[in-house]
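Work through the two exercises below with the model open beside you. Try each task before reading its solution.

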Number of protein chains: 2
Amino acid sequence: MPLPVSRTVILSPLSLLPRDLVTRDRRLPVVLLGERSAKGSTDHVGIDNVLAAREATEHLLARGRRRIAVIGGALRGRQGTDRLRTDGYREALKAVGLPFDAHLVVAVEAFHWQDGLRAATALMAREHRPDALLCLNDHLALGALRALHEQGRSVPEDLDVVGFDDIEASRFSVPSLTTVAPDKQEIARVAVSLLLERIDDPDATAVHDHVARHRIIVRESTGG
Amino acid sequence: MPLPVSRTVILSPLSLLPRDLVTRDRRLPVVLLGERSAKGSTDHVGIDNVLAAREATEHLLARGRRRIAVIGGALRGRQGTDRLRTDGYREALKAVGLPFDAHLVVAVEAFHWQDGLRAATALMAREHRPDALLCLNDHLALGALRALHEQGRSVPEDLDVVGFDDIEASRFSVPSLTTVAPDKQEIARVAVSLLLERIDDPDATAVHDHVARHRIIVRESTGG
């Protein structure tokens with residue numbers, strides 16, 4: 001105390017602007033987790049978002065779901081996690097010859113429980129309701145579960161719900177939540193290792209982009 | 001960046017030992033939130049834990065509950081939040097002439113979802129089951145809700161469940177969770193104000209102990 005913050009920063013870049021990274025002191029060691037910087041100028045550790053979303057969608061398709069909504073999805077943007085995961089969803093539909101319906105991709109203001117509840121409520125008020133919700137993080141999915149409960153819909157009897165992240169709450173919700181689990185041990189290990197490399201050699205120019213493992217954990221919300 | 005950590009520390013003292021506070025540089029401004037230091041030598045902001053637990057217990061008693069278990073409770077310790085809340089529970093029983101049963105106070109290893117699930121599962125395996133669970137934080141309560149679901153018990157039809165803290169998950173769980181909500185705005189405002197006073201006058205000797213407001217938010221887990 002005080003901690004040597006200037007030598008051990010790991011940033012979750014959701015609230016960072018690209019210029020914050022471009023204009024930073026180049027000798028300040030930084031590793032990005034999750035979201036990637038637009039310029040690829042910073043070490044990064046994350047999962048293969050396209051593949052992960054494709055596999056999650058394939059899981060829903062294999063259960064017979066055909067009108068899969070994406071809560072938190074995005075059709076624009078180049079590098080954002082939301083865009084990459086939406087791309088993976090589209091790939092899965094295409095592979096089985098299902099048409100893509102842009103109306104099933106629902107943007108959210110933020111990725112919190114309340115946003116998932118609102119989005120799911122709006123989707124269920126439509127004439128053509130979805131039969132599954134692919135939620136781009138667990139908070140959205142848990143909010144969606146609450147919305148479905150309030151509307152008297154049973155999960156997974158009436159609809160399936162999937163999240164991303166495998167946060168602690170997803171194991172304990174009612175029903176428990178199927179989710180895409182990044183290998184957090186691997187992410188932590190590689191991120192610290194990359195930071196230590198930067199600290200040892202602040203002038204190194206090579207940029208690392210590590211793709212960590214992920215797996216789909218099937219729980220009650222998709223019949224597990 | 002780097003942040004001026006040495007001038008703005010607010011510590012949640014659960015992982016601090018009393019000697020960490022006693023031996024710290026006295027000019028380092030510190031305000032404790034929640035848990036109090038044993039020696040009362042540090043500025044502190046928290047709620048009236050005895051009163052809050054008493055009111056939560058009275059809420060359960062008013063609903064006709066008579067075998068109320070305390071998950072995370074403690075009969076020893078002088079200043080701990082767990083001890084103070086258990087005292088409040090005992091006061092409420094005494095006020096209505098109900099005998100205190102030490103077997104209904106269940107210690108936990110930590111205050112996480114998993115610990116609440118384990119404690120509730122063990123309580124429900126007893127011959128004389130409780131008819132309500134007073135859980136000393138929301139994580140314990142949410143884990144307990146999951147345990148009751150797994151055992152086919154309905155909340156609040158078969159049992160009531162109450163938590164403390166009003167974390168975001170408690171609004172969205174199924175059923176939603178009745179909880180003791182500290183006034184977080186007040187806690188944040190007073191804590192920052194006390195810190196600023198310490199920074200302005202590092203040699204001040206008066207120690208502040210601010211009691212913030214709280215209220216019980218009645219949700220589905222107790223019939224709300």
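**Exercise 1.** Find how many residue pairs are in polar contact between domain 1 and domain 2 of chain A.

Solution.
- Step 1: count the pairs. Four residue pairs, both at pLDDT 80 or more, are in polar contact between domain 1 and domain 2 of chain A. A polar contact is a pair of N or O atoms within 3.5 Å; within protein, one must be able to donate a hydrogen and the other to accept it, and residues adjacent in sequence count only if both atoms are side-chain atoms.
- Step 2: sort the side of domain 1 of chain A that touches domain 2. Its residues are three nonpolar, two polar and five charged. Here Asp, Glu, Lys and Arg count as charged, Ala, Val, Leu, Ile, Met, Phe, Trp, Tyr, Cys and Pro as nonpolar, and the others, Gly among them, as polar.
- Step 3: locate the domains. Domain 1 of chain A covers 9-47 + 182-214, and domain 2 covers 49-181 + 218-222; the bounds come from an automatic or database domain assignment.

The model is predicted: local features need pLDDT of at least 70, side-chain atom pairs count only at pLDDT 80 or more, and totals for chains, interfaces and linings use all residues. Residues are numbered from 1 along each chain as its sequence is written, chains are lettered from A and ligands numbered from 1 in the order written, and side-chain values use heavy atoms, without hydrogens and water.

**Exercise 2.** Which residues does A:Leu134 contact, leaving aside neighbours within four places in sequence?

Solution. Contact means heavy atoms within 4.5 Å. The partners of A:Leu134 include A:Ala56, A:Ile71, A:Tyr89 and A:Phe164.
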